[in-house]
Amino acid sequence: MFASLASLHFFVKLKTPIKFLSIAGILVGITGMVSAQTVNMTLVSVTPWANVQGHAGAANFSVTAGLLNFRVDSVSPTPLLPFPMHLSLFCTELAQSIQLNESNSARRDFTLQSAAQAANIGPVAGLGANISPTGIGSTRARNLEILYGQVFGQNYNPAALSDDGKVAFQLAVWELSHDDDFNLTAIGSNPRFWVTLPTGATVRGQAQTWVSAVANLAPTANPTRMNLSVLHSDVVQDFLIPTAALTAIPEASTYAAILSAIVLGAVLWQRRRRSVT
């Protein structure tokens, strides 16, 4: 969403680069190399630019929905390996907004976090978005991972969705992050999320089909899920990003293996050097 579009925030946990001054320094670095990383990115387009309307919590909303396409301007601290320079994402919040080609750098900063961490962060702004100040919680976070797993499998490629599919997927994300009844049209006595526009089977119907599939799979023991990270911001929307999409960023275990190999190589080099001298 733009002016009314919930701010998209992605917080990615990246690993802090380490200066290899010595083997001892490497060993110390292994224990403290993981730190939250700030991703500064600019929203450059939304495809399609579709208006959707509905109700969230205690307020009505009228926002732009679609796939949000970002240009990554900088990542700090600098990752050891290249970070994706373009990200296409869906947002989780209706309570905040983001501007196209935002000029304020502070509104372009996102912190990369795990889904578990982000589930405990509530929206700063209101709009009656029906998200607790303590966050969406682990159950809704798991439902979102099921949604991504069912729609994308293990290959996150949102650009492959039709324009209607992109809007429908965003509606499904909002339903699962803002409500617990798995219904995009039901109006209950408690604050709920529902959609009034668009109507019909093409968009809202597709979103409901995906949400209903999640409802059926949620009680099962091991539904197909896609691990998600979150780009988080206090001043704009948060955004979901599949961890697998950050293929350039090794996991902590990978870093440990790389550093162990470096340590071993250094030890072997020292032994060969001694044997030669």
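Visitor: What makes helix H4 largely enclosed by the rest of the structure?
Guide: In this predicted model, 14 of the 16 residues of H4 are buried, so the helix is largely enclosed by the rest of the structure. Buried means under 20% relative accessible area, exposed means over 50%, and partly exposed lies in between, with a 1.4 Å probe and protein chains only. Helices are DSSP runs of H or I with at least four residues, strands are runs of E with at least two, and both are numbered from the N terminus.

Visitor: How does the reach of H4 compare with the expected span?
Guide: H4 (residues 163–178) reaches 23 Å from its first C-alpha to its last, close to the 22 Å expected. The expected span is 1.5 Å times one less than the number of residues.

Visitor: What basis do the values rest on?
Guide: Local features need pLDDT of at least 70 and side-chain atom pairs count only at pLDDT 80 or more, whereas totals for chains, interfaces and linings use all residues. Residues are numbered from 1 along each chain as its sequence is written, and side-chain values use heavy atoms, with hydrogens and water left out.

Visitor: How many aromatic pairs does the structure hold, and why is the pair of Phe61 and Phe193 called stacked?
Guide: The structure holds 12 aromatic pairs. Rings of Phe, Tyr and Trp (its six-membered ring) pair if their centres lie within 6.5 Å; planes under 30 degrees apart count as stacked, over 60 as edge-to-face and the rest as tilted. The centres of Phe61 and Phe193 are 5.5 Å apart and their planes are at 5°, so this pair is stacked. Phe61 in strand E4 and Phe193 in strand E7 are 132 residues apart, and both are buried.

Visitor: Why is the pair of Phe70 and Phe110 called edge-to-face?
Guide: Their ring centres are 6.4 Å apart and their planes are at 75°, so the pair is edge-to-face. Phe70 belongs to strand E4 and Phe110 to strand E6, 40 residues apart. Phe70 counts as buried at 1% relative accessibility.

Visitor: Why is Val214 called buried?
Guide: Val214, in helix H5, has a relative accessible area of 0% and is therefore buried. Val214 touches Asn143, Ile146, Leu147, Leu176 and Phe182, not counting residues up to four places away in sequence; contact means heavy atoms within 4.5 Å.
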